[in-house]
Amino acid sequence: MNKNLNPRNRILIKLTCIAGITAISILFALTIGNQNIEKNYTEVIVTSNNKASNFLQGNSGDLMWAKYNESSGSGNWYMGGSFTRIGWNWGNYVNIAAGNTGVLYAVNSNGEMFWLQHTGRNGEISWRNNGTAKKIGWGWEKYSNLIAGDDGEIFAITPRGDLHWFKHIGRNGENRWANNGEARKIGWGWDKYSSIIAGDDGVIYAVTTKGDLYWFKYLGNNGESSWANNGEPRQIGWGWNKFTKVIAGNNGVIYAITKKGELLWFKHIGDNGESTWKNNGEARKIGWDWEKFKLVTSGNNGELYAVPY
């Protein structure tokens with residue numbers, strides 16, 4: 001295997017932090033669901049243990065790892081928010097989607113899909129198969145959007161707006177797929193969405209070009225076209241087109257990156273598509289400098305993987 005697909009490295013980036021917390025109260029306005037929410041929220045700026053500033057670490061194409069405590073949006077980062085460099089030459093990939101248990105699906109500009117599994121739960125440079133990328137597919141360049149769900153599920157959108165379902169079942173990076181890798185069409189009309197992200201248990205969030213945020217839940221186990229609410233989208237917010245990137249975490253957590261590079265935290269708690277949000281839908285600012293990342297994806301339990309431009 002070409003070494004440029006090997007994500008291992010030996011460099012650990014550290015940050016020196018200033019003890020104590022500086023907090024300011026700023027006014028944040030968000031319109032979501034049927035509510036216009038305009039409230040003050042506390043922005044955590046700097047602390048030695050809960051650092052909201054994830055300054056850019058690493059060079060172009062490096063794979064960086066950070067871990068956030070997703071439960072509250074309080075600004076609580078593992079290792080004070082320091083990034084750890086866990087790989088290099090990831091600039092060759094045009095799309096990276098995180099699945100369960102550290103699995104990363106990476107697609108290069110030729111449409112080849114590779115499987116890797118990061119096993120360093122605390123940011124160690126530790127990978128399954130000694131970091132060797134396993135090629136598990138090709139022809140993926142025809143999809144305009146690609147996301148990973150639970151247990152090997154992959155959702156992909158064609159330029160015509162068809163939504164295809166796949167399931168990778170090679171637990172150690174083998175090229176094995178449900179239905180022999182045949183795509184199952186489970187939806188259409190998805191070309192109207194500028195961004196789609198996958199949450200837990202089949203939940204998909206989709207943002208239209210106008211900024212409307214919709215909730216779906218896929219119920220099929222083997223590529224059947226089976227959806228909660230008969231596939232009817234539930235609008236749970238709007239104004240989301242102001243974000244440059246939207247990333248799904250666990251248990252309804254959504255990260256959003258502004259044009260200024262601010263990293264915002266939201267948590268959707270409407271189990272059946274209700275417009276119900278933690279903190280009444282208020283965004284919590286938990287980081288900045290995130291505009292410098294080309295690719296960002298979220299894995300298990302607050303793990304964030306990012307590739308700088």
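pLDDT is the predictor's confidence in each residue, on a scale from 0 to 100. This is a predicted model, so colour by that score before anything else. The protein averages a pLDDT of 84, and 82% of the residues score at least 70.

**Stop 1: residues 1-53**

Select residues 1-53. Here the pLDDT is below 50. The stretch still has 143 contacts in the model beyond near neighbours in sequence.

**Stop 2: the whole chain**

Switch to a cartoon view. How many helices and strands does the protein have? There are zero helices and 22 strands. Of the 309 residues, 55% count as buried. Now look at contacts between residues at least 6 apart in sequence: 54% of them join residues at least 24 apart.

**Stop 3: the largest pocket**

Rolling a probe the size of a water molecule over the atoms shows where empty space is left. The largest pocket holds about 720 Å³ of space. Select I147, I196, I197, V246 and V296 to find the middle, as these lining residues lie nearest the pocket centre.

- β5, residues 93-98
- β9, residues 145-148
- β13, residues 193-198
- β14, residues 203-208
- β17, residues 243-248
- β21, residues 293-298

Which element gives the largest share of the lining? That is β17, with six residues. Colour the lining by class: 17 residues are nonpolar, 18 are polar and four are charged.

**Stop 4**

Turn to the aromatic rings. A pair of aromatic rings is described by the distance of the centres and the angle of the planes. The whole structure has 28 aromatic pairs.

Select F166 and W177. Their rings form an edge-to-face pair, 6.2 Å centre to centre, with 75 degrees between the planes. F166 sits in strand β11, residues 163-167. W177 is in the loop between β11 and β12 (184-187). The two are 11 residues apart, and the pair links distant parts of the chain.

Are these two residues buried or exposed? F166 counts as buried because its relative accessibility is 6%, under the 20% cut-off. W177 is at 12%, so it counts as buried too.

**Stop 5: Y193 and Y214**

Select Y193 and Y214. The ring centres are 6.3 Å apart and the planes meet at 65 degrees, so this pair is edge-to-face. Y193 belongs to strand β13, while Y214 belongs to strand β15, residues 213-217.

Now extend the selection to F155, W190, F216, Y218 and W227. Together with Y193 and Y214, these residues are linked into a cluster by ring pairs.

**Stop 6: W227**

W227 is in the loop between β15 and β16. Its relative accessibility is 12%, so W227 counts as buried.

Show its surroundings. Leaving aside neighbours within four places in sequence, W227 is in contact with L163, I186, W190, I204, F216, K217, Y218 and L219. Draw a distance to I186: the C-alpha atoms of W227 and I186 are separated by 9.1 Å. Along the chain the two are 41 residues apart.

**Stop 7: L219**

Step across to L219, one of the residues that W227 contacts. L219 lies in the loop between β15 and β16 (234-237). At 42% relative accessibility, L219 counts as partly exposed. Beyond residues up to four places away in sequence, L219 touches S226, W227 and A228. L219 and V203 are 16 residues apart in sequence, and their C-alpha atoms are 8.9 Å apart.

**Stop 8**

Finish on the backbone. Most residues other than glycine have a negative phi.

Select N179. Its phi is near 55 degrees, a positive value in a residue other than glycine. N179 is in the loop between β11 and β12.

Then select D201. This residue is not a glycine, yet D201 has a positive phi of about 55 degrees. D201 lies in the loop between β13 and β14. Its relative accessibility is 55%, so D201 counts as exposed.

Methods:
Residues are numbered from 1 along each chain as its sequence is written. This is a predicted model: local features need pLDDT of at least 70, side-chain atom pairs count only at pLDDT 80 or more; totals for chains, interfaces and linings use all residues. Side-chain values use heavy atoms; hydrogens and water are left out. On a 1 Å grid over the protein atoms alone, a cavity is a set of points where a 1.4 Å probe fits but cannot get out, and a pocket is an open set with protein on both sides within 12 Å along at least five of seven lines; lining residues have an atom within 4 Å of a point. Grid points are joined across faces, edges and corners, and a volume is the space filled by probe spheres set on the points. Helices (H or I, at least four residues) and strands (E, at least two) are DSSP runs, numbered from the N terminus. Ala, Val, Leu, Ile, Met, Phe, Trp, Tyr, Cys and Pro count as nonpolar, Asp, Glu, Lys and Arg as charged, and the others, Gly among them, as polar. Contact means heavy atoms within 4.5 Å. Rings of Phe, Tyr and Trp (its six-membered ring) pair if their centres lie within 6.5 Å; planes under 30 degrees apart count as stacked, over 60 as edge-to-face and the rest as tilted. Buried means under 20% relative accessible area, exposed over 50%, partly exposed in between (1.4 Å probe, protein chains only).
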